[in-house]
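Open the model in your viewer and keep the selection panel at hand. The stops below go from the whole chain to single residues.

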Amino acid sequence: MRLTCLAIVATTTIFGAFPLLQTHPEVQRFPQFDNERATAWKSVIPARSQSTMHRHDHFRTVVALTGGGLKTVTADGQTTVTPLEKGKAYWFAPMPPGVMHKDVNDTDQTIEVVVVEVK
């Protein structure tokens, strides 16, 4: 009886840990072009994923290939949600010095954008 209880506890512990081992989708960046005036990439932000902390030092436009609410969170916790409309372009100024952010997609849909950053 004691061995059976131990086996149940061990099985529950091992299988209960599997959700912690599941991999989460990663944000992907696909280069589009890079020349002396601008650089462009396509970002694919899967549902329930987030990018690493980064910053944008240049003016840029973002073209939404899909709609959705893209959240940005700064290192100090300030949160902004940008509602993206499919097919619409958005203009962003460079980030203030020292400010970093991550993109967070806490929706159930993948968000895809093309970013064109002026050099």
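Colour by secondary structure: the protein has 1 helix and 9 strands, taken as DSSP runs numbered from the N terminus, with helices being H or I of at least four residues and strands E of at least two. From the N terminus, the order is α-β-β-β-β-β-β-β-β-β. The model is predicted, so local features need pLDDT of at least 70 and side-chain atom pairs count only at pLDDT 80 or more, while totals for chains, interfaces and linings use all residues. Residues are numbered from 1 along each chain as its sequence is written, and side-chain values use heavy atoms, with hydrogens and water left out.

Next, show the surface. The protein exposes about 8,200 Å², with carbon and sulfur atoms supplying 61% of that area; accessible areas come from the Shrake-Rupley method with a 1.4 Å probe, and for residues only the protein chains shown count as cover. Of the 119 residues, 27% count as buried (buried is under 20% relative accessible area, exposed over 50%, partly exposed in between; 1.4 Å probe, protein chains only).

Select β3, β8, β5 and β6. These 4 strands form an open sheet in the order β3-β8-β5-β6, with antiparallel pairing; two strands pair if DSSP finds at least two bridges between them. β3 (49–50) and β6 (79–84) are the edges: each has a single partner strand, so one side of each is left without a neighbour in the sheet. Zoom in on β5 (residues 68–74) and β8 (residues 101–105), which pair in the antiparallel sense over 4 bridges. T74 has H101 in β8 as its bridge partner.

Now select W41, I45, V62, A64, L70, L84, Y90, I111, V113 and V115, the 10 residues of the largest nonpolar core (buried Ala, Val, Leu, Ile, Met, Phe, Trp, Tyr and Cys residues joined through side-chain atoms within 4.5 Å). β2 (38–45), β4 (60–64) and β9 each supply at least two residues of this core. β9 gives the most, 3 residues.

Which residues does I45 touch, not counting those up to four places away in sequence? They are V27, L70, N105, Q109, T110 and I111, a contact being heavy atoms within 4.5 Å. Across the protein, residues 24 or more positions apart account for 71% of the contacts with a separation of 6 or more.

Finish at V118, which lies in strand β9 (residues 111–118). V118 is partly exposed, with a relative accessible area of 37%.
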